[in-house]
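Here is a short report on one structure. Look at the sequence and the structure first, then read on.

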2 protein chains.
Amino acid sequence: MVRIAVDAMGGDFGPYPIIEGTILALKENPNFKAILVGHKEKIQTLIPHKYNNRIEIVHAEDVIRMDEAATEALKRKESSIYKAVELVRTGEAEGVVSAGHSGATMSLATLRIGRLKNVSRPAIATLMPTYKNKKSLVLDVGANVDCKPEHLFEFGVMGEAYATAIMNVDKPKVGLLSNGEEETKGNELTKNAFTMLKSLPTFIGNVEGNNIFDGSVDVIVCDGFTGNIVLKTSEGVADAISKLMKANIKKTPIRMAGALMMKKVFRSLKKEIDYSEYGGAPLIGVKGCTIISHGKSTPKAIKNAIYQAITYIKSDINTKIEKRLEEVTPKG
Amino acid sequence: MVRIAVDAMGGDFGPYPIIEGTILALKENPNFKAILVGHKEKIQTLIPHKYNNRIEIVHAEDVIRMDEAATEALKRKESSIYKAVELVRTGEAEGVVSAGHSGATMSLATLRIGRLKNVSRPAIATLMPTYKNKKSLVLDVGANVDCKPEHLFEFGVMGEAYATAIMNVDKPKVGLLSNGEEETKGNELTKNAFTMLKSLPTFIGNVEGNNIFDGSVDVIVCDGFTGNIVLKTSEGVADAISKLMKANIKKTPIRMAGALMMKKVFRSLKKEIDYSEYGGAPLIGVKGCTIISHGKSTPKAIKNAIYQAITYIKSDINTKIEKRLEEVTPKG
């Protein structure tokens, strides 16, 4: 039975939504065990008795706060995230879900659990909505702000593996995010990455920002600085459109009535672009499984992050990544 | 009287929308003259007689097509964009508007008209909508894919000048686009630019992608690779939301009726985010005035681009940029 370690303390809203999400997941899926890591007494009071046999609690005194430096993480051995990651390292859990300090989670997973063979830089991958009833995967969205061409090449291979093993895309299209579609477009980094990525049969060349949302490409490769800006920009646009519409609807009763009649349209749109439906972002390229969730995760988001971890582990994606990188990495 | 040179041939849809836009502008604004550059006979047939005294035509045999290399531009002395830019260089026009090959326009403006004093890299600036009833300015959105910290510093100063002189913002807030708000966030480029930008009193530090649309910052500084991706990403998100909504509305008659009652909401939203309302993007940092318009510009977009050029010229922003850069550029 799969065991998932959950950092119960790290989220912006304390342990409640995280434990609630874990219980939701246990309720719907009888095939895994949860290990909640954090302050034992605080956690215990939030768990209904009937889940006691499927939840183990590992006590941790310390919590790394969002405003602390990620560099602290390795020294804070009593922190909930340190102990949660440690459970994966020792094999007591197969995966870890954290809504806490993402920098700390990343460093600990990379340094304590370790990288897969042939992976020099793990990447955070995130699913984005498209209007074609499918998702696209963008990586890296924040783990590596300064990249070398070979890192982008690895991201391409890891993204390809994720699309095949987890998104169930038979022949995924891998694109390189650039400022134009032509091969001549790009900055120094992407131009060099382009020549390396060309060796992948799944590589379709440069793609542009709008292609992330039009379903024309399954995997979008970029450095973590650019990827993070893409993520925040798209959140910002969606938020601005929603706010502009709301303000405009309130101007007349007819518009308000119209909006009421369209309630289900807004609801389904919200569902489409709501991060909590997605769960979290896997840190691809480390051993085991690390899912980084939003600090403001709702119980539903935590539940979906746990399911994501289970799928990740069962897909055996790590073996596939190692094998594929072995095949395509230039020898020498 | 201000004279604006317009490349009549370069747009995706040929001379018609460009000439139509020029006539619209002349109709509403009696205080400028237009110089249309392109194939004389083709242009002549599209101009109503009564505008003959306010439109001059400069014949050009050649057109640089969108799929040609920008490096060709300097050799193509008979092309419409070459000749239009040349009119600014010789002082026969104060500004140029081009919906043609943006790379060619950029190189020609930079190399033939020349840069302002203390400007090492001109930047393309674009206005973005926010939900706070104001616009924000993002630069660079494509002129310089590989930047040095001092280039970003110059963009900050030029953006500050644009916000003051043209957007009428008294004390503009200048932000550096990064992957987090904290000073420690950023890639190598932005971290170094941050330390330089700190010397500007208008600098408010790092901003994130979502801040472009929330009205919290007036000028957003980034390299041209990142800026271009931000631009295309936001277009992509807006387009995806609109397509998802349309598909969803069509599912039931009630939703369709609701949408009809909300027609004005959609119309005003469209107006808010429609590029044709904005006109074009100024290439800030070159002498004179160069406005780069979308290849698919409607007559309205061309009209607004011409007005933008007139405002740019009348604001005397170039003198302000030179003076400000003189003050803030580190000596030595």
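Start in chain B, with strand β7 (residues 174-177). Three bridges link β7(B) to strand β9 (residues 219-221) of chain B, and the two run parallel. Strands pair here if DSSP finds at least two bridges between them. L176(B) has V221(B) as its bridge partner in β9(B). Helices (H or I, at least four residues) and strands (E, at least two) are DSSP runs, numbered from the N terminus.

The model is predicted: local features need pLDDT of at least 70, side-chain atom pairs count only at pLDDT 80 or more, and totals for chains, interfaces and linings use all residues. Residues are numbered from 1 along each chain as its sequence is written, chains are lettered from A and ligands numbered from 1 in the order in which they are written, and side-chain values use heavy atoms, leaving out hydrogens and water.

β8(B) is mostly covered, with four of its five residues buried. Buried means under 20% relative accessible area, exposed over 50%, partly exposed in between (1.4 Å probe, protein chains only).

**The sheet of chain B**

What is the order of the strands in the open sheet of chain B? The 11 strands run β3-β2-β1-β4-β11-β10-β5-β6-β9-β7-β8, with mixed pairing. β3 (55-59) and β8 (203-207) of chain B stand at the edges with a single partner strand each, so one side of each has no neighbour in the sheet. Neighbouring strands are turned by 25° against each other on average, direction ignored. Helix α1 (residues 15-28) of chain B packs on this sheet and touches β1 (2-7), β2 (32-38) and β3 of chain B. Contact means heavy atoms within 4.5 Å. The direction of α1(B) makes about 170° with that of β2(B). Axes are lines fitted to C-alpha atoms, for helices over the stretch in contact, and angles run from 0 to 180 degrees between N-to-C directions.

**Chain A**

| Strands | Bridges |
|---|---|
| β7 (residues 174-177) and β8(A) | four bridges |
| β6 (residues 135-139) and β9 (residues 219-221) of chain A | three bridges |

G175(A) stands opposite G205(A) in β8(A). L139(A) stands opposite V221(A) in β9(A). Two helices come next. α6(A) lies across β7 and β8 of chain A, at about 165° to β7(A). Helix α7 (residues 224-249) of chain A touches β5 (123-129) and β7 of chain A, and its direction makes about 30° with that of β5(A).

Chain A is assigned domain 1 (1-119 + 285-316) and domain 2 (121-275). These bounds come from an automatic or database domain assignment. The C-alpha centres of the two domains of chain A lie 26 Å apart. In chain A, 17 residues of domain 1 are in contact with 11 residues of domain 2.

**The two copies**

The same surface serves both copies: 100% of the contact residues of chain B recur in chain A.
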